[in-house]
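Subject: Handing over a structure, with notes

Dear colleague,

I am passing a structure on to you with this message, and I would be glad if you looked through it before reading my notes. The notes come after the structure itself.

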Amino acid sequence: MPSYVPGPPYPFRLRRSQIHGRGAYATQPIAAGTRIIEYKGERITTAEADRRYPDDPEHPHHTFLFAIDDDVVVDAAFRGNAARWINHCCDPNCDAVIDDGRIFIEAVRDIAPGEELTYDYNFILDERHTPAAKRRYPCHCGAENCRGTILAKKR
Ligand SMILES: [Zn+2]
């Protein structure tokens, strides 16, 4: 059976976020378990992603990349949709679920109108997650359990 793929209109709108740049805010109650939107974008190889966005320690990149596995990366800078504006939070109300090679943002708890939608980016670098690396990928989510970085806890 094919998975459910949500389409517009989506139950959120975009506006300036306290966390970072633009964010996605619920416009209606969203029940836990709801598949909200697909994270769309161009499907490219890891090598192509590295070519497009070379790592520059002076300018840590804020890209719209989402790694599906070791080989495939979705670049939402191309053919992306509103899902790319959903911010990271260390205490998120959504999760990014990979289903049949596609990425979906799903609510992990009931969300009230006006709440910002977030999920844990759990970024993984090729290098070790040293304190210096974490400082290059800081988190300002404001959650009580904020770990101070959008990098994954462990490799
Ligand atoms: Zn945080």
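This is a predicted model: local features need pLDDT of at least 70, side-chain atom pairs count only at pLDDT 80 or more; totals for chains, interfaces and linings use all residues.

The metal site. The zinc ion has as its protein donors the SG atoms of Cys90, Cys139, Cys141 and Cys146, which lie 2.3 to 2.4 Å from the ion. Along the chain these donors follow the spacing C-x48-C-x1-C-x4-C. The angles among the four donor atoms run from 103 to 115°, and the site of the zinc ion is tetrahedral.

The two sheets. Between E3 and strand E9 (residues 102–107) the antiparallel pairing extends over four bridges, and Arg35 is placed opposite Glu106 in E9.

The other open sheet that I would point out also has three strands, here in the order E4-E6-E5, and its pairing is antiparallel. Its edge strands are strand E4 (42–45) and E5, each of which pairs on one side only. Neighbouring strands of this sheet are turned against each other by 30° on average, if direction is ignored. E4 and strand E6 (residues 72–75) run antiparallel and are joined by four bridges, while Arg43 stands opposite Val74 in E6.

Which residues lie closest to the centre of the largest pocket? The pocket in question has a volume of about 1,400 Å³, and of the 45 residues that line it, those closest to its centre are Thr63, Leu65, Ala67, Phe123 and Ile124. The elements that give two or more residues to this lining are helix H1 (46–52), strand E5 (65–67), strand E7 (87–88) and strand E8 (94–99). Sorted by class, the lining of the largest pocket consists of 24 nonpolar, ten polar and eleven charged residues.

With best wishes

Terms used: Residues are numbered from 1 along each chain as its sequence is written. Side-chain values use heavy atoms; hydrogens and water are left out. On a 1 Å grid over the protein atoms alone, a cavity is a set of points where a 1.4 Å probe fits but cannot get out, and a pocket is an open set with protein on both sides within 12 Å along at least five of seven lines; lining residues have an atom within 4 Å of a point. Grid points are joined across faces, edges and corners, and a volume is the space filled by probe spheres set on the points. Ala, Val, Leu, Ile, Met, Phe, Trp, Tyr, Cys and Pro count as nonpolar, Asp, Glu, Lys and Arg as charged, and the others, Gly among them, as polar. Two strands pair if DSSP finds at least two bridges between them. Axes are lines fitted to C-alpha atoms, for helices over the stretch in contact, and angles run from 0 to 180 degrees between N-to-C directions. Donors are N, O and S atoms within 2.8 Å of the metal (3.2 Å for Na, K and Ca); water is not among the atoms, so sites may look incomplete. Four donors count as tetrahedral if all angles lie between 85 and 135 degrees; four count as square planar and six as octahedral if opposite donors are over 155 degrees apart and all others between 65 and 115; anything else is irregular.
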